[in-house]
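Work through the two exercises below with the sequence and the model at hand. Each task is followed by a solution in steps.

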Amino acid sequence: MMPIVRTLLLSVVVALAPLSLVAIAAAGEAAVLHGDLGPPMGEPIHAQLTSPPNVPPPVHRSYPAKVIVDLEVREVEKEISEGVRYTFWTFGGTVPGSFIRIRQGDTVEFHLKNHPDSKMPHNIDLHGVTGPGGGAASSFTAPGHESQFSFKALNQGVYVYHCATAPVGMHVANGMYGLILVEPPEGLPPVDHEYYVMQGDFYTVGKYREKGTQPFDMQRAIDERPTYVLFNGSEGSLIGDKALKAKVGETVRLYVGNGGPNLVSSFHVIGAIFDKVWFEGGTHFQENVQTTLIPAGGAAIMEFHSVVPGSYVLVDHALFRAFNKGALGILKVDGPENKAIYSGKEVDSVYLGDKAASNQRSVAAAASAAAKGQLTREEQQRAGETLFAGTCSVCHQPNGEGLEGVFPPLAKSDFLMADLKRAITIVLNGLTGPVTVNGKSFNSVMPPMSQLNDDEVANILTYVKNAWGNQDAQVSAAEVAEIRKTTKRPAGAAH
């Protein structure tokens with residue numbers, strides 16, 4: 001009997017096998033189409049796109065729609081830092097590109113235009129697309145042309161988009177990236193403010209803050225040695241009048257992306273703890289987060305509530321990127337103080353360096369005048385005062401009086417005024433050991449400031465040597481350059 005039973009069972013399994021395969025295939029198809037919430041309903045909708053740091057309003061729609069996105073590539077020359085010009089390749093004329101906001105289940109009809117003045121072909125790869133290349137192969141667009149393709153947004157989350165035209169790294173390094181938010185069908189919880197911040201690393205032939213128009217440096221990019229690491233495409237993009245704003249008691253949601261092309265971001269807001277972080281832009285969140293990693297080509301959503309007023313500093317916590325390459329911004333919170341929570345506001349200059357100054361125009365004006373050969377001592381002094389505030393004032397104090405027994409005074413300093421060459425050399429190479437200033441002994445360490453450009457050193461010294469009762473002629477960038485070239489610097493001090 002047993003062989004007969006086995007034979008009958010085997011026959012049943014074989015007979016049922018095709019049905020099982022069909023069922024498995026159907027289940028697989030259902031899994032693949034998770035997020036397909038049906039065909040588009042209603043009239044087509046034109047997506048409202050916004051420039052950083054602004055975010056389009058929530059979708060507030062209970063059905064999938066056909067959403068038309070019109071995005072234009074433009075190659076534009078803009079400031080990357082004060083007095084430094086760079087040719088960015090952009091989606092929508094900004095770095096990062098325009099923020100796109102849709103709903104899970106929407107069908108997106110994407111129109112990519114490449115401005116006739118562009119020098120290069122471009123395309124777009126959206127990480128929110130399910131399909132080979134993320135739309136790149138369907139959107140290759142020559143200057144003066146337009147491409148169109150469609151996709152269904154199956155997965156909720158916040159996703160990076162970027163150009164994927166060869167050489168891909170170069171296109172991304174020139175600023176071709178942005179974010180697309182795919183809201184869940186029920187939408188996101190309401191908050192008081194939403195902001196769009198995106199980090200990127202940039203590679204120029206000239207060193208950090210070297211004035212003039214700077215071309216892209218391919219070898220630096222390949223070696224992963226960025227000149228700048230920036231939020232929203234320029235140093236100071238989120239400082240002063242451009243700072244993000246909120247009030248005490250309000251909730252802030254940040255959509256933070258990392259365009260790369262090379263570096264991982266350690267995103268942190270000094271003085272704030274994130275209530276929630278949707279890490280890697282997905283559907284799960286972590287709570288009470290201090291710093292969150294955002295990979296190149298990745299994004300995150302973070303929320304926190306403001307309790308006390310002050311300036312909250314956004315940084316990449318790889319700190320030399322923040323303070324020496326530009327990855328720094330501000331969220332300015334206004335409102336009543338709460339001494340039970342925090343005794344007082346922090347001093348902006350401690351964190352912001354020369355960006356703590358509310359007006360950087362003096363630096364740009366001095367750079368422009370120097371380029372024309374028309375730089376005056378007064379222009380140098382104004383620029384030098386701004387630079388001194390961030391570079392030197394913490395130790396030597398804003399009034400130049402230094403700290404008794406620790407940091408020597410610059411005001412009416414016989415040591416400073418006696419020898420210009422020595423003063424330049426100390427700024428470039430630092431100074432360790434005892435010095436006598438105005439009859440008093442000081443024994444401390446001044447680190448080398450060779451990261452400063454020649455014009456920055458000249459402007460700072462011109463300001464110092466004409467402030468607080470000091471009187472002297474202006475210092476030229478050429479004098480600084482000569483000493484930089486001929487003076488042996490300590491190992492590691494060269495920039």
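**Exercise 1: a sheet and its strand pairs**

F274 stands opposite V289 in β17.

Conventions: residues are numbered from 1 along each chain as its sequence is written. The model is predicted, local features need pLDDT of at least 70, side-chain atom pairs count only at pLDDT 80 or more, and totals for chains, interfaces and linings use all residues, while side-chain values use heavy atoms, without hydrogens and water.

Step 1. Strands are DSSP runs (E, at least two residues), as helices are (H or I, at least four), numbered from the N terminus; a pair requires at least two DSSP bridges between two strands.

Step 2. β16 (residues 274-278) and β17 (residues 286-289) are antiparallel, with three bridges.

Step 3. β16 also pairs with β19 in the antiparallel sense, over three bridges. Here K276 stands opposite E303 in β19.

**Exercise 2: the nonpolar cores**

Find the residues with the most contacts inside the largest nonpolar core.

Step 1. A nonpolar core joins buried Ala, Val, Leu, Ile, Met, Phe, Trp, Tyr and Cys residues through side-chain atoms within 4.5 Å; buried means under 20% relative accessible area (1.4 Å probe, protein chains only).

Step 2. The largest core has 28 residues, and I80, L179, F202 and Y255 have the most contacts inside it.

Step 3. Elements giving two or more residues to this core include β2 (66-81), α2 (168-173) and β19 (298-305).

Step 4. Another core, of 27 residues, lies apart from it and includes Y195, V229, L254 and V277.

How values were computed: Buried < 20%, exposed > 50% of the residue type's maximum accessible area, 1.4 Å probe, protein only.
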